[in-house]
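Reader: I would like to learn how to read the features of a structure like this one. Please start from the terms and then show me the case at hand.

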Amino acid sequence: MAGLEEDLKIIIDPPGPREYLLAEFPAGRRVRITGHRGGRMLRARLLAMGLNLGREVEVIQNNRGLIIVGVNGGRLALGRGISQKILAEPVLPLLTDQSSG
């Protein structure tokens, strides 16, 4: 039975980056927009703000009511409702080679 449970765990919880709600990220975290939970109007609103799929943004402030994100050198304030509809994944920092200098 243990083998079957392990196989199911791999299928249900695949390794790799997971999607989270933008509202869940702490300040200082860099994330990539991966999707949204909404319809056409939400998508149009996000595109108008520059929050298109694949865009990397930095969470500047998250005080559980208002989220401020850095986009294209500017800042956007998002309410709790819209930030809970935006899906994102953490951006892993690039590894730099310290041996060559």
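Author: A nonpolar core is a set of buried Ala, Val, Leu, Ile, Met, Phe, Trp, Tyr and Cys residues joined through side-chain atoms within 4.5 Å. Buried means under 20% relative accessible area, exposed over 50%, and partly exposed in between, with a 1.4 Å probe and protein chains only. The model is predicted, so local features need pLDDT of at least 70 and side-chain atom pairs count only at pLDDT 80 or more, while totals for chains, interfaces and linings use all residues. Residues are numbered from 1 along each chain as its sequence is written, and side-chain values use heavy atoms, with hydrogens and water left out.

Reader: How many residues does the largest nonpolar core have, and which of them have the most contacts inside it?

Author: In soluble globular proteins, nonpolar side chains tend to be buried together. Here the largest nonpolar core has 17 residues, and those with the most contacts inside it are Leu-22, Leu-51, Val-57, Val-69, Leu-78 and Ile-86. Two or more residues each come from S2, helix H2 (40-48), S3, strand S4 (66-71) and S6. S4 gives the most, with 3 residues. Helices (H or I, at least four residues) and strands (E, at least two) are DSSP runs, numbered from the N terminus.

Reader: What does Ile-86 touch, leaving out residues up to four places away in sequence?

Author: Contact means heavy atoms within 4.5 Å. By that rule Ile-86 touches Tyr-20, Leu-21, Leu-22, Ile-33, Gly-35, His-36, Leu-46, Leu-51 and Leu-78.

Reader: In what order do the strands form the sheet, and is the pairing parallel or antiparallel?

Author: Strands of a sheet pair through backbone hydrogen bonds, either parallel or antiparallel. Two strands count as paired if DSSP finds at least two bridges between them. In this model 6 strands form an open sheet, ordered S1-S6-S2-S3-S4-S5, with antiparallel pairing. Strand S1 (20-21) and strand S5 (74-79) are the edge strands, each pairing on one side only.

Reader: How many bridges join S2 to S6?

Author: S2 and S6 run antiparallel and are joined by 5 bridges. Val-31 stands opposite Pro-90 in S6. Val-31 also stands opposite Val-57 in S3; strand S2 (residues 30-36) and strand S3 (residues 56-62) pair in the antiparallel sense over 3 bridges. The antiparallel pairing of S1 and S6 has 2 bridges, and Leu-21 stands opposite Leu-87 in S6.

Reader: Which residues point one way from S6, and which the other way?

Author: In a regular strand the side chains alternate between the two faces of the sheet. From S6, Ile-86, Ala-88 and Pro-90 point one way, Leu-87 and Glu-89 the other way, and all are buried. Strand S6 (residues 86-90) is mostly covered, with 5 of its 5 residues buried.

Reader: Glu-89 is in that list; with which residue does Glu-89 form a salt bridge?

Author: Side chains of opposite charge can pair when their charged atoms come close. A salt bridge is a side-chain nitrogen of Lys or Arg within 4 Å of a carboxyl oxygen of Asp or Glu, and the count here comes to 3. Glu-89 forms one with Arg-32, the closest N and O atoms being 2.9 Å apart. The pair links distant parts of the chain, Glu-89 in strand S6 and Arg-32 in strand S2, 57 residues apart. Glu-89 is buried, at 16% relative accessible area, whereas Arg-32 is partly exposed, at 27%.

Reader: Which residues do salt bridges with shared partners join into one network?

Author: Arg-30, Arg-32, Glu-56 and Glu-89 are joined into one network. The side chains of Arg-32 and Glu-56 meet at 2.9 Å, N to O, and those of Glu-56 and Arg-30 at 3.5 Å, N to O. Glu-56 in strand S3 and Arg-30 in strand S2 lie 26 residues apart. Glu-56 counts as partly exposed at 30% relative accessibility, and Arg-30 counts as partly exposed at 36%.
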